[in-house]
Amino acid sequence: MPLTVTICGGGNGAHCSAGYIASKGHKVNVLTRSPEKWSDTIKVTTATSSWADKGNFVGKLARVSSHPADVIWESDVILIAAPAHVHGSILRRCKDYLKEGVLIGTIFAQGGFDWIAREALTAEGMSKVKALFGLQNIPWICKVTEYGKEARILGPKNRLMVVSHPVDVVNEMTDLVTDLYDIPCGTLPNFLSVTLTPSNQIIHPARYYSIFRDAEERQEKDGDDWGYSAEELAAAKSMELYEDFDPLSAEILASLDNELQTIKLALNLHFPQLDLSAVPPIAERICKVYGDDVTDQSSLLQVMRTNKGYVGCGTPMSKTKSGKLRPNVGCRLFWEDVPFGLCILKGLAEMLDNIPTPSINKMIWWHQKFMGKVYLKEDGNLNPLLIMETGAPARYGLHSLEEIVRTSVPTALMGWQGVGATGRGIKSKI
């Protein structure tokens, strides 16, 4: 039965999701800041991707608006296709117009989507929500080719992993996502598995640091006109984010992944009933998601370099008046992956008896200088004055491991483990 689906966002994933889902016969609305730039049809092309034999898709949109009142009220499904750091603001705008029994999800649930949603919607809004759901990874690597009109699928996933809250309805949400995207889906045991996923939150900081690691020296030397020439970056093979992945990027990425895996293992030590089996080492995860598109799986470096799904993803940069290139401080690689990626990992590490995280610390320190923020203090602890600008658990009033784990275990298992009379959470092993 056709659904009314509202896509929230205006980026690559929003374009492809809107066009593809509408092409299947669902009624699709788009909530975006720039509705005047959108056509009433979206074309999605597939040339050179592993979906090329499927041809192109064209979807007709029902309504495009910047006002939630125009589109949210009738939505069976609200699907957020935007960076994690704006999920809360989108949901707060939608809260007063929710339909009873609505399903709210995101195509990329990094950043504690379930925590964000419960805070933004409040108890009043959540009372109308049948379920929250999210994807561990976006359905495709994709790119807008003509804003508001056309987008291109570059690297489709061969399998999507779906999570829900409450966790008991995950099979229903998996059926929904399979219907919307026509990609086989599996289930994830909890949102914490997605929050811990070794993905953008460690890939992007590692790569960006490797490319621009001498940026501070250049600033001191060249002043306001600092930057890199296109020729210099091309010679250093830094123009492509993934295809030009270098040994230093892979080394840093491996260190970040090791620290993430240590956090996962420590959580399991405290809570053996917490299923985090869906958080494998990063190379294993990429090979599982992209399958044969990864042509050389011999090392992490080669996995990053030879993944066909990563082809065509340029390194985000900004250009100075003199034509020099710099890190694009306004892009999601900073504002999503640091406060709603690395800072979450750091927050969990602090709650786990301050597990050492030297690589995570280094990446936060380096990136935050460009952002004009101090998320992480010089002593290696998160800055309590900026916690509310991050996705760290404390921002949502989650001050104990028990409170975090309580939302990540099925109801039946919670009863078996024994929740205290106060309902504060599951008792840990130690």
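Colleague: Which exposed residues sit on the face of helix 5 turned away from its buried side?
Modeller: Asn-171 and Asp-175 are the exposed residues on that face of helix 5. Bear in mind that this is a predicted model.

Colleague: And which residues of helix 5 are buried?
Modeller: The buried residues in helix 5 are Val-170, Met-173, Thr-174, Leu-176, Val-177, Leu-180 and Tyr-181.

Colleague: Where do they fall, seen down the axis of helix 5?
Modeller: The buried residues of helix 5 stay within an arc of 160 degrees, so they line one face of the helix. As background, an α-helix has 3.6 residues a turn, so residues three or four places apart point the same way.

Colleague: How many residues does helix 5 have, and what does it reach from first C-alpha to last?
Modeller: Helix 5 covers residues 170–181, which is twelve residues. Its first and last C-alpha atoms are 16 Å apart, close to the 16 Å expected at 1.5 Å a residue.

Colleague: What follows helix 5?
Modeller: Asp-182, with a positive phi near 55 degrees. Asp-182 is not a glycine, and it is found in the loop between helix 5 and strand 12 (185–187).

Colleague: What about phi of Lys-237?
Modeller: Phi of Lys-237 is also positive, near 55 degrees, and Lys-237 is a residue other than glycine. Lys-237 is in the loop between helix 9 (230–235) and helix 10 (247–270). It counts as exposed, at 56% relative accessibility.

Colleague: Back to the other end of helix 5. Which peptide bond is cis?
Modeller: The one from His-165 to Pro-166, where omega is near 0 degrees. Pro-166 belongs to the loop between strand 11 (160–165) and helix 5.

Colleague: Changing topic: in what order do the four strands of the open sheet run?
Modeller: The order is 4-3-10-9, with mixed pairing. Strand 4 (57–60) and strand 9 (140–146) are the edges, each pairing on one side only. From one strand to the next the twist averages 25 degrees.

Colleague: In what sense do strand 3 and strand 4 pair?
Modeller: Antiparallel, over four bridges, with strand 3 at residues 41–45. Ile-42 has Gly-59 in strand 4 as its bridge partner.

Colleague: What does helix 1 touch where it packs on the sheet?
Modeller: Helix 1 (residues 12–23) touches strand 3, strand 4, strand 9 and strand 10 (150–156). The direction of helix 1 makes about 95 degrees with that of strand 9.

Notes: Residues are numbered from 1 along each chain as its sequence is written. This is a predicted model: local features need pLDDT of at least 70, side-chain atom pairs count only at pLDDT 80 or more; totals for chains, interfaces and linings use all residues. Side-chain values use heavy atoms; hydrogens and water are left out. Two strands pair if DSSP finds at least two bridges between them. Helices (H or I, at least four residues) and strands (E, at least two) are DSSP runs, numbered from the N terminus. Axes are lines fitted to C-alpha atoms, for helices over the stretch in contact, and angles run from 0 to 180 degrees between N-to-C directions. Contact means heavy atoms within 4.5 Å. The expected span of a helix is 1.5 Å times one less than its number of residues. Buried means under 20% relative accessible area, exposed over 50%, partly exposed in between (1.4 Å probe, protein chains only). The arc is that of the directions from the helix axis to the C-beta atoms.
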